[in-house]
Amino acid sequence: MNGIFSDRITDVPRSFIREILKVTVDESIISFAGGLPNRDLFPVNEIKRATNKVLDLFGADVLQYSASEGFLGLREWIAQRYKTRKNIDVDPDDILITAGSQQGLDLLGKTILNDGDDVVMEEPGYLGAIQAFSLYKPTFHPIPLETDGVDIQKFEQAVRNHNIKLFYCVPNFHNPAGISYTLEKRNAIADIVRGTNTIIIEDDPYGELRFLGSEQPSFYKLIPENTVLLGSFSKIVVPSFRIGWIVARKEVMEKLIIAKQASDLHTNYFGQRIIHQLLTDYPIDDHIQTIRKAYGIQRDAMVEAIEEYFPKDIEYTKPEGGMFLWVTLPEGVSAVEVFNEAIARKVAFVPGDPFYINKKGVNTLRLNFSCTNEDTTRLGIQRLGEVITSRIG
């Protein structure tokens, strides 16, 4: 049967995290593995009211096929949100509604990348982007991620020495590292890219979830001619609707729409109308503030537990928002081996391996703090700390 498969799919691995999540279905396991928003914060009743209202007002019309670009009212809402939050002028016609921002990555890869094209990725980087772009056989150039963004010297070398087509980044509350790019790093990257053909793909699913610090400007504000934005409702409303979007200049958008039509004609129209009705009727900023407060408390609980139960030489990030923090173990300690022992102790996390290009046995790991309360977090970190302590002697 191997002969029937395309070269494109043969070398792309299954999602490491999806495989780990199968292990964590056991309710006795405390899981810091999933990148999941907290289900207890989903606006269930508000979604129910919005759904009923959409059906009452528009009936069969919302159950029909729709435009590939997405519902205009929703695109107008997104454009206005960029204006009020980030002082960015976005034309609704420059927005394409996608089946989550993950589809946005696939459409961009399909539209822009040829075999062997040069792509800069953060290291560690978002594994969903690594998987999506891998289908299009690029040449990856991993650039180390520091506490304030990518290593600027190495980034500049990559851009100057190669014909970099894409630079993919998560500058706000990075997945997996939890860090945010400083203004200085953002300006430096914009200066390096300006005047080149490099496209910055700025993936921003967590940007609304800030509970510390101050907001920094988008690359789309600093260098709009070279930037494509990705956004999502998965983290601020619910993920199951699978509704995200791409913001891109018109010549790029024309090709993205063609790729979208070839992929699935259009994103779930009924879901778009429900989301739009919810955003129209429900004070979404109050809801986001509730999420921020809860995640801030849960983040603090994890940091405090790490400080108490982890060995003192363990390094970890202290995110100002989002859902993740990143742990660095001593050199030579495999996070996969720690994971195997931790599962036996009924605690799970994601080892760092899938967040790197062609690296195995790394000494880093990702912890999610959005889905466990303070007491559960404390117990899970205590168990994990005991495993780490036993591994490093």
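## Close-up views of a predicted model

**View 1. Lys53 and Asp281 form a salt bridge, with their closest N and O atoms 3.1 Å apart.** A salt bridge here is a side-chain nitrogen of Lys or Arg within 4 Å of a carboxyl oxygen of Asp or Glu. The pair links distant parts of the chain. Lys53 belongs to helix 3 (residues 44-58) and Asp281 to helix 11 (residues 269-281), 228 residues apart. Helices (H or I, at least four residues) and strands (E, at least two) are DSSP runs, numbered from the N terminus. Lys53 is partly exposed, at 35% relative accessible area. Asp281 is partly exposed too, at 43%. Buried means under 20% relative accessible area, exposed means over 50%, and partly exposed lies in between (1.4 Å probe, protein chains only).

This is a predicted model: local features need pLDDT of at least 70, side-chain atom pairs count only at pLDDT 80 or more, and totals for chains, interfaces and linings use all residues. Residues are numbered from 1 along each chain as its sequence is written, and side-chain values use heavy atoms, leaving out hydrogens and water.

View 2. Lys110 is partly exposed, at 38% relative accessibility.

**View 3. Asp117 forms a salt bridge with Lys165.** Their closest N and O atoms are 2.9 Å apart. Asp117 sits in the loop between helix 5 and strand 3 (118-123), and Lys165 in strand 6 (residues 164-169). The two are 48 residues apart. Asp117 is buried, at 15% relative accessible area, whereas Lys165 is partly exposed, at 24%.

**View 4. Salt bridges link Arg81, Arg85, Lys86, Glu208, Glu215, Asp285 and Arg292 in a network.** The structure holds 28 salt bridges. Side chains of opposite charge can pair when their charged atoms come close.

**View 5. Phe211 and Phe369 form an edge-to-face aromatic pair.** Rings of Phe, Tyr and Trp (its six-membered ring) pair if their centres lie within 6.5 Å; planes under 30 degrees apart count as stacked, over 60 as edge-to-face and the rest as tilted. By this rule there are 11 aromatic pairs. In this one, the centres are 6.3 Å apart and the planes are at 70°. Phe211 lies in the loop between strand 7 (199-203) and helix 9 (219-222). Phe369 lies in the loop between strand 14 (364-368) and helix 14 (374-392), so the pair ties together parts that are 158 residues apart in sequence. Phe211 is buried, at 19% relative accessible area. Phe369 is buried as well, at 0%.

**View 6. Trp326 and Phe355 pair edge-to-face.** Their ring centres are 5.7 Å apart, with the planes at 85°. Trp326 lies in strand 11 (residues 324-328) and Phe355 in the loop between strand 13 (350-351) and strand 14. Both Trp326 and Phe355 are buried.

**View 7. The charged end of Arg273 sits over the rings of Phe58 and Phe71.** A charge sits over a ring if NZ of Lys or CZ of Arg is within 6 Å of the ring centre and within 35 degrees of the ring normal. The charged end of Arg273 is 4.4 Å from the ring centre of Phe58 and 4.1 Å from that of Phe71.
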